[in-house]
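Welcome! Let us take a walk through a protein structure together, one stop at a time.

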Amino acid sequence: MMKLKTALTTAALAVSIAAVSAPAMARDTINIVGSSTVYPFATVVAERFGRNTDFPTPKLESTGSGGGLKLFCDGVGTQHPDITNASRRMKKSEFDNCQANGVKEITEVRIGADGIVIAQSNEADKMNLTLEQVYLALAKEVPDPKGGDKLIANPYKKWSDIDSNLPDMAINVMGPPPTSGTRDAFVEIAMEGGCSKFDFIKSMEEDAFKTACHSMREDGPFVEAGENDNLIVQRLAQDKSTLGIFGYSFLMENEGQIHAVTVDGVAPTPETISGEEYPVARSLFFYVKKAHVGVVPGIEEYVSEFTSEGAWGDNGYLVDVGLIPNPRDRRMATAKAVKELTPMTGNEL
(Lines give C-alpha, C1' and ligand atoms only; values in the text may rest on other atoms or scores of the structure.)
Protein backbone atom coordinates (compact mmCIF):
# COMPACT_ATOMS: atom_id res chain seq x y z
CA MET A 1 0.00 0.00 0.00
CA MET A 2 2.86 2.30 0.92
CA LYS A 3 4.57 1.58 -2.42
CA LEU A 4 1.36 2.33 -4.30
CA LYS A 5 0.95 5.62 -2.41
CA THR A 6 4.56 6.57 -3.19
CA ALA A 7 4.09 5.72 -6.86
CA LEU A 8 0.90 7.78 -7.04
CA THR A 9 2.63 10.71 -5.33
CA THR A 10 5.54 10.52 -7.79
CA ALA A 11 3.17 10.36 -10.75
CA ALA A 12 1.18 13.34 -9.46
CA LEU A 13 4.40 15.30 -9.03
CA ALA A 14 5.48 14.49 -12.60
CA VAL A 15 2.11 15.66 -13.94
CA SER A 16 2.40 18.82 -11.86
CA ILE A 17 5.88 19.58 -13.23
CA ALA A 18 4.71 18.92 -16.79
CA ALA A 19 1.77 21.25 -16.27
CA VAL A 20 4.08 24.02 -15.06
CA SER A 21 6.69 23.41 -17.78
CA ALA A 22 4.30 23.15 -20.72
CA PRO A 23 3.20 26.81 -20.78
CA ALA A 24 6.85 27.87 -20.55
CA MET A 25 7.71 25.79 -23.63
CA ALA A 26 4.49 26.36 -25.58
CA ARG A 27 4.20 29.31 -27.96
CA ASP A 28 1.16 30.63 -29.79
CA THR A 29 2.92 33.44 -31.68
CA ILE A 30 4.94 32.89 -34.86
CA ASN A 31 8.60 33.85 -34.37
CA ILE A 32 10.31 35.33 -37.45
CA VAL A 33 13.94 36.51 -37.69
CA GLY A 34 16.32 37.53 -40.48
CA SER A 35 16.93 40.12 -43.16
CA SER A 36 16.50 43.85 -42.53
CA THR A 37 15.58 44.22 -46.23
CA VAL A 38 12.74 41.68 -46.06
CA TYR A 39 11.67 42.98 -42.63
CA PRO A 40 9.40 45.81 -43.95
CA PHE A 41 7.55 43.40 -46.27
CA ALA A 42 7.16 40.76 -43.55
CA THR A 43 5.98 43.42 -41.09
CA VAL A 44 3.19 44.57 -43.41
CA VAL A 45 2.05 40.96 -43.94
CA ALA A 46 2.28 40.20 -40.19
CA GLU A 47 0.23 43.25 -39.23
CA ARG A 48 -2.53 42.41 -41.74
CA PHE A 49 -2.44 38.78 -40.66
CA GLY A 50 -2.85 39.74 -37.00
CA ARG A 51 -5.64 42.19 -37.82
CA ASN A 52 -7.63 39.94 -40.15
CA THR A 53 -7.34 36.53 -38.50
CA ASP A 54 -7.79 35.04 -35.04
CA PHE A 55 -4.04 34.42 -34.74
CA PRO A 56 -1.70 36.76 -32.82
CA THR A 57 0.45 39.13 -34.88
CA PRO A 58 3.78 37.34 -35.55
CA LYS A 59 6.84 38.56 -33.69
CA LEU A 60 9.57 39.84 -36.03
CA GLU A 61 13.23 40.53 -35.30
CA SER A 62 15.72 42.09 -37.73
CA THR A 63 18.93 40.08 -37.25
CA GLY A 64 20.38 40.18 -40.77
CA SER A 65 20.18 37.27 -43.19
CA GLY A 66 23.23 35.43 -41.86
CA GLY A 67 22.22 35.94 -38.23
CA GLY A 68 18.67 34.81 -38.94
CA LEU A 69 19.76 31.64 -40.74
CA LYS A 70 22.07 30.76 -37.86
CA LEU A 71 19.23 31.12 -35.33
CA PHE A 72 16.83 29.23 -37.62
CA CYS A 73 19.27 26.36 -38.13
CA ASP A 74 20.18 25.98 -34.45
CA GLY A 75 17.45 23.39 -33.91
CA VAL A 76 13.82 22.31 -33.74
CA GLY A 77 11.58 23.35 -30.85
CA THR A 78 9.63 26.42 -29.83
CA GLN A 79 12.76 28.06 -28.41
CA HIS A 80 13.94 28.37 -32.03
CA PRO A 81 12.47 30.58 -34.83
CA ASP A 82 9.78 29.25 -37.15
CA ILE A 83 10.65 31.36 -40.21
CA THR A 84 13.70 33.31 -41.30
CA ASN A 85 13.83 36.06 -43.91
CA ALA A 86 16.82 36.39 -46.23
CA SER A 87 17.91 38.94 -48.81
CA ARG A 88 19.99 36.25 -50.50
CA ARG A 89 19.60 32.54 -51.03
CA MET A 90 20.55 30.16 -48.25
CA LYS A 91 24.12 28.92 -48.64
CA LYS A 92 24.93 25.21 -48.91
CA SER A 93 26.93 25.47 -45.68
CA GLU A 94 23.86 26.90 -43.92
CA PHE A 95 21.63 24.14 -45.29
CA ASP A 96 24.13 21.53 -44.07
CA ASN A 97 24.18 23.19 -40.63
CA CYS A 98 20.39 22.98 -40.49
CA GLN A 99 20.51 19.28 -41.37
CA ALA A 100 23.17 18.59 -38.75
CA ASN A 101 21.01 20.26 -36.08
CA GLY A 102 17.86 18.30 -36.96
CA VAL A 103 16.19 21.00 -39.06
CA LYS A 104 15.54 18.52 -41.85
CA GLU A 105 12.56 19.84 -43.82
CA ILE A 106 12.81 23.44 -44.98
CA THR A 107 10.56 25.11 -47.53
CA GLU A 108 12.15 27.90 -49.57
CA VAL A 109 9.94 30.83 -50.64
CA ARG A 110 11.31 33.27 -53.23
CA ILE A 111 9.11 36.33 -52.64
CA GLY A 112 10.31 38.74 -55.33
CA ALA A 113 13.22 40.95 -56.34
CA ASP A 114 15.01 43.95 -54.94
CA GLY A 115 17.76 46.25 -56.10
CA ILE A 116 20.67 47.27 -53.91
CA VAL A 117 20.99 51.02 -54.24
CA ILE A 118 23.75 53.47 -53.56
CA ALA A 119 21.94 56.59 -52.43
CA GLN A 120 22.66 60.16 -51.43
CA SER A 121 20.86 63.24 -50.16
CA ASN A 122 18.45 65.04 -52.47
CA GLU A 123 20.57 68.12 -51.73
CA ALA A 124 23.58 66.52 -53.45
CA ASP A 125 24.32 66.53 -57.18
CA LYS A 126 23.36 63.15 -58.60
CA MET A 127 26.34 60.87 -59.23
CA ASN A 128 26.82 58.19 -61.87
CA LEU A 129 29.25 55.46 -60.88
CA THR A 130 30.51 52.41 -62.72
CA LEU A 131 30.93 49.07 -60.96
CA GLU A 132 34.67 49.48 -61.43
CA GLN A 133 34.62 52.84 -59.63
CA VAL A 134 32.54 51.37 -56.78
CA TYR A 135 35.11 48.60 -56.35
CA LEU A 136 38.03 51.03 -56.44
CA ALA A 137 36.38 53.26 -53.84
CA LEU A 138 35.49 50.54 -51.34
CA ALA A 139 37.92 47.60 -51.67
CA LYS A 140 40.58 47.02 -49.02
CA GLU A 141 43.18 46.45 -51.72
CA VAL A 142 43.09 47.64 -55.33
CA PRO A 143 45.29 47.39 -58.41
CA ASP A 144 48.33 49.66 -58.19
CA PRO A 145 47.38 52.82 -60.14
CA LYS A 146 51.05 53.11 -61.19
CA GLY A 147 50.72 49.87 -63.13
CA GLY A 148 51.71 46.26 -62.78
CA ASP A 149 49.55 43.29 -61.92
CA LYS A 150 49.61 43.68 -58.16
CA LEU A 151 47.28 44.79 -55.38
CA ILE A 152 48.13 47.54 -52.90
CA ALA A 153 46.37 49.08 -49.89
CA ASN A 154 43.60 51.34 -51.20
CA PRO A 155 45.13 54.80 -51.73
CA TYR A 156 41.97 56.62 -52.85
CA LYS A 157 40.70 59.30 -50.48
CA LYS A 158 38.43 61.30 -52.79
CA TRP A 159 36.12 60.27 -55.61
CA SER A 160 38.12 62.53 -57.92
CA ASP A 161 41.25 60.48 -57.09
CA ILE A 162 39.60 57.59 -58.95
CA ASP A 163 38.32 59.65 -61.87
CA SER A 164 38.75 63.40 -62.36
CA ASN A 165 35.18 63.57 -63.65
CA LEU A 166 33.85 62.49 -60.26
CA PRO A 167 33.25 65.01 -57.43
CA ASP A 168 36.20 66.46 -55.53
CA MET A 169 34.70 64.98 -52.37
CA ALA A 170 35.93 62.55 -49.74
CA ILE A 171 34.82 58.94 -50.19
CA ASN A 172 32.39 58.38 -47.34
CA VAL A 173 30.03 55.41 -47.69
CA MET A 174 27.83 53.78 -45.05
CA GLY A 175 26.83 50.17 -45.58
CA PRO A 176 25.64 46.95 -43.95
CA PRO A 177 27.75 44.62 -41.76
CA PRO A 178 28.96 41.13 -42.78
CA THR A 179 25.91 39.46 -41.15
CA SER A 180 23.63 41.21 -43.63
CA GLY A 181 22.31 39.57 -46.81
CA THR A 182 22.52 43.00 -48.40
CA ARG A 183 26.27 43.01 -47.71
CA ASP A 184 26.62 39.49 -49.16
CA ALA A 185 24.73 40.46 -52.29
CA PHE A 186 26.57 43.75 -52.65
CA VAL A 187 30.02 42.17 -52.58
CA GLU A 188 28.95 39.30 -54.85
CA ILE A 189 27.26 41.52 -57.43
CA ALA A 190 28.72 45.03 -57.24
CA MET A 191 32.22 44.43 -55.88
CA GLU A 192 32.85 41.30 -57.95
CA GLY A 193 31.39 43.06 -60.99
CA GLY A 194 33.90 45.89 -60.66
CA CYS A 195 36.76 43.63 -59.58
CA SER A 196 36.30 41.43 -62.66
CA LYS A 197 37.16 44.36 -64.93
CA PHE A 198 40.81 43.68 -64.08
CA ASP A 199 42.04 40.64 -65.99
CA PHE A 200 44.78 39.67 -63.54
CA ILE A 201 42.26 39.55 -60.66
CA LYS A 202 39.69 37.70 -62.76
CA SER A 203 42.27 34.99 -63.51
CA MET A 204 43.10 34.38 -59.82
CA GLU A 205 42.24 31.13 -58.02
CA GLU A 206 38.77 31.26 -56.46
CA ASP A 207 39.85 31.92 -52.87
CA ALA A 208 42.29 34.67 -53.88
CA PHE A 209 39.68 36.19 -56.19
CA LYS A 210 37.06 36.33 -53.43
CA THR A 211 39.54 37.83 -50.97
CA ALA A 212 40.50 40.51 -53.48
CA CYS A 213 36.91 41.34 -54.41
CA HIS A 214 35.02 40.88 -51.14
CA SER A 215 37.37 42.56 -48.63
CA MET A 216 35.99 45.99 -47.81
CA ARG A 217 38.36 48.72 -46.71
CA GLU A 218 38.76 49.36 -42.97
CA ASP A 219 40.59 52.69 -43.01
CA GLY A 220 37.56 54.98 -42.72
CA PRO A 221 35.89 55.66 -46.09
CA PHE A 222 33.57 52.65 -45.65
CA VAL A 223 31.60 52.56 -42.39
CA GLU A 224 29.54 49.58 -41.21
CA ALA A 225 26.22 51.00 -40.04
CA GLY A 226 24.60 47.95 -38.43
CA GLU A 227 21.35 46.28 -39.46
CA ASN A 228 19.16 49.40 -39.14
CA ASP A 229 18.95 50.88 -42.63
CA ASN A 230 16.88 53.80 -41.31
CA LEU A 231 20.01 55.11 -39.55
CA ILE A 232 21.77 55.31 -42.92
CA VAL A 233 18.83 57.19 -44.43
CA GLN A 234 18.88 59.67 -41.54
CA ARG A 235 22.60 60.29 -42.02
CA LEU A 236 22.23 60.82 -45.78
CA ALA A 237 19.45 63.33 -45.22
CA GLN A 238 21.76 65.31 -42.93
CA ASP A 239 25.00 65.02 -44.90
CA LYS A 240 25.09 65.44 -48.66
CA SER A 241 28.69 64.21 -48.87
CA THR A 242 27.81 60.73 -47.55
CA LEU A 243 26.53 57.82 -49.65
CA GLY A 244 24.64 54.82 -48.31
CA ILE A 245 24.03 51.22 -49.41
CA PHE A 246 20.67 49.50 -48.77
CA GLY A 247 17.69 47.85 -50.44
CA TYR A 248 15.48 49.58 -53.02
CA SER A 249 12.46 49.53 -50.70
CA PHE A 250 14.19 52.00 -48.36
CA LEU A 251 14.78 54.33 -51.29
CA MET A 252 11.07 54.24 -52.10
CA GLU A 253 10.10 54.86 -48.49
CA ASN A 254 12.39 57.89 -48.26
CA GLU A 255 12.35 59.34 -51.76
CA GLY A 256 11.49 62.78 -50.35
CA GLN A 257 14.92 62.90 -48.70
CA ILE A 258 17.26 60.82 -50.87
CA HIS A 259 17.86 59.73 -54.46
CA ALA A 260 19.82 56.89 -56.05
CA VAL A 261 23.17 57.02 -57.76
CA THR A 262 22.96 55.55 -61.25
CA VAL A 263 25.20 52.51 -61.76
CA ASP A 264 26.72 51.98 -65.20
CA GLY A 265 24.25 54.61 -66.39
CA VAL A 266 21.14 52.76 -65.15
CA ALA A 267 18.86 54.03 -62.37
CA PRO A 268 17.13 51.50 -60.10
CA THR A 269 13.41 51.26 -60.92
CA PRO A 270 10.96 48.36 -60.72
CA GLU A 271 11.31 47.94 -64.48
CA THR A 272 15.12 47.98 -64.61
CA ILE A 273 15.41 45.65 -61.59
CA SER A 274 12.85 43.06 -62.74
CA GLY A 275 14.20 43.28 -66.30
CA GLU A 276 17.76 42.68 -65.02
CA GLU A 277 19.01 45.92 -66.59
CA TYR A 278 20.04 47.44 -63.26
CA PRO A 279 23.46 45.95 -62.42
CA VAL A 280 22.91 45.43 -58.67
CA ALA A 281 19.71 43.40 -58.26
CA ARG A 282 18.95 40.27 -56.19
CA SER A 283 16.10 37.92 -55.18
CA LEU A 284 14.49 37.90 -51.72
CA PHE A 285 13.45 34.82 -49.73
CA PHE A 286 12.03 33.41 -46.56
CA TYR A 287 12.43 29.88 -45.19
CA VAL A 288 9.84 27.85 -43.25
CA LYS A 289 10.65 25.16 -40.68
CA LYS A 290 8.16 22.37 -41.45
CA ALA A 291 8.65 20.70 -38.06
CA HIS A 292 6.99 23.74 -36.42
CA VAL A 293 3.91 23.65 -38.66
CA GLY A 294 1.01 22.37 -36.55
CA VAL A 295 2.97 23.04 -33.37
CA VAL A 296 3.00 26.84 -33.48
CA PRO A 297 -0.45 27.90 -34.70
CA GLY A 298 -0.87 30.03 -37.80
CA ILE A 299 2.31 29.28 -39.76
CA GLU A 300 0.53 27.82 -42.79
CA GLU A 301 -2.01 30.66 -42.75
CA TYR A 302 0.70 33.35 -42.51
CA VAL A 303 2.64 31.82 -45.41
CA SER A 304 -0.58 31.57 -47.43
CA GLU A 305 -1.25 35.28 -46.84
CA PHE A 306 2.29 36.26 -47.87
CA THR A 307 2.07 34.24 -51.10
CA SER A 308 -1.43 35.41 -52.05
CA GLU A 309 -1.89 37.52 -55.18
CA GLY A 310 -3.35 40.24 -52.98
CA ALA A 311 0.01 40.51 -51.20
CA TRP A 312 2.85 39.68 -53.58
CA GLY A 313 1.04 39.93 -56.93
CA ASP A 314 1.51 42.60 -59.59
CA ASN A 315 -1.06 44.81 -57.88
CA GLY A 316 -0.56 43.46 -54.36
CA TYR A 317 -0.13 45.59 -51.28
CA LEU A 318 3.58 44.67 -50.98
CA VAL A 319 4.26 46.46 -54.28
CA ASP A 320 3.21 49.68 -52.50
CA VAL A 321 6.10 49.26 -50.05
CA GLY A 322 8.72 48.47 -52.68
CA LEU A 323 8.58 44.74 -53.47
CA ILE A 324 9.24 43.96 -57.12
CA PRO A 325 7.04 40.93 -57.89
CA ASN A 326 8.21 37.66 -59.39
CA PRO A 327 6.79 36.86 -62.85
CA ARG A 328 3.31 35.33 -62.57
CA ASP A 329 4.39 31.81 -63.60
CA ARG A 330 7.08 31.78 -60.90
CA ARG A 331 4.60 33.04 -58.31
CA MET A 332 2.16 30.27 -59.20
CA ALA A 333 4.83 27.55 -59.00
CA THR A 334 6.16 28.89 -55.71
CA ALA A 335 2.69 29.21 -54.16
CA LYS A 336 1.97 25.57 -55.07
CA ALA A 337 5.25 24.38 -53.53
CA VAL A 338 4.55 26.42 -50.41
CA LYS A 339 1.02 25.08 -50.02
CA GLU A 340 2.43 21.56 -50.13
CA LEU A 341 5.39 22.58 -47.91
CA THR A 342 7.74 21.02 -50.44
CA PRO A 343 11.13 20.63 -48.72
CA MET A 344 14.47 21.64 -50.19
CA THR A 345 16.88 18.89 -51.14
CA GLY A 346 20.06 20.97 -50.99
CA ASN A 347 20.70 20.38 -54.69
CA GLU A 348 19.13 23.78 -55.46
CA LEU A 349 22.05 25.57 -53.75
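This is a predicted model: local features need pLDDT of at least 70, side-chain atom pairs count only at pLDDT 80 or more; totals for chains, interfaces and linings use all residues.

Which residues of α2 are buried? They are Pro40, Phe41, Ala42, Thr43, Val45, Ala46, Phe49 and Gly50. The cover over these buried residues includes strands β2 (59–60), β3 (83–86), β4 (106–121) and β13 (281–289), along with helices α11 (248–253) and α13 (299–306).

Phe49 is our way into the aromatic side of the story. The structure holds 7 aromatic pairs. In one of them, the ring centres of Phe49 and Tyr302 are 5.8 Å apart and the planes stand at 85 degrees, so this pair counts as edge-to-face. The pair ties together distant parts of the chain, since Phe49 belongs to helix α2 and Tyr302 to helix α13, 253 residues apart. Are these two residues buried or exposed? Phe49 counts as buried because its relative accessibility is 2%, under the 20% limit, and Tyr302 is buried too, with a relative accessible area of 1%.

Another pair brings in strand β13. The rings of Phe286 and Phe306 have centres 4.9 Å apart and planes at 45 degrees, so they are described as tilted. Here Phe286 sits in strand β13 and Phe306 in helix α13, 20 residues apart. Phe286 is buried, at 1% relative accessible area, and Phe306 is buried at 0%. The two pairs come together in one aromatic cluster, formed by Phe49, Phe55, Phe286, Tyr302 and Phe306.

Arg48 lies over the face of Tyr317, 3.8 Å from the ring centre. Lys289 does likewise with Phe72, at 4.7 Å from the ring centre.

Next come the nonpolar cores. How many residues are in the largest one? There are 56, and Leu138, Trp159 and Phe186 touch the most other members. Leaving out residues up to four places away in sequence, Leu138 touches Asn154, Val173, Phe186, Met191, Ser215, Met216, Arg217, Phe222 and Ile245. A second, separate core has 28 residues, among them Phe41, Ile111, Ala311 and Leu341. Phe41 was also on the list of buried residues of α2.

Polar residues can be buried as well, and Gln133 is one to look at. Gln133 is found in helix α5, residues 131–138, and counts as buried because its relative accessibility is 11%. Its side chain makes a polar contact of 3.3 Å with the side chain of Asp163. Beyond residues up to four places away in sequence, Gln133 touches Asn128, Trp159, Ile162, Asp163 and Leu166.

Our last stop is Ser65, in helix α3, residues 65–73. Ser65 is buried, with a relative accessible area of 0%. What lies 3.4 Å from a polar atom of the Ser65 side chain? It is the backbone nitrogen of Gly181. Setting aside neighbours within four places in sequence, Ser65 is in contact with Gly34, Ser35, Asn85, Ala86, Ser87, Arg88, Thr179, Ser180 and Gly181.

Definitions and conventions: Residues are numbered from 1 along each chain as its sequence is written. Side-chain values use heavy atoms; hydrogens and water are left out. Helices (H or I, at least four residues) and strands (E, at least two) are DSSP runs, numbered from the N terminus. Buried means under 20% relative accessible area, exposed over 50%, partly exposed in between (1.4 Å probe, protein chains only). A polar contact is a pair of N or O atoms within 3.5 Å; within protein, one must be able to donate a hydrogen and the other to accept it, and residues adjacent in sequence count only if both atoms are side-chain atoms. Contact means heavy atoms within 4.5 Å. Rings of Phe, Tyr and Trp (its six-membered ring) pair if their centres lie within 6.5 Å; planes under 30 degrees apart count as stacked, over 60 as edge-to-face and the rest as tilted. A charge sits over a ring if NZ of Lys or CZ of Arg is within 6 Å of the ring centre and within 35 degrees of the ring normal. A nonpolar core is a set of buried Ala, Val, Leu, Ile, Met, Phe, Trp, Tyr and Cys residues joined through side-chain atoms within 4.5 Å.
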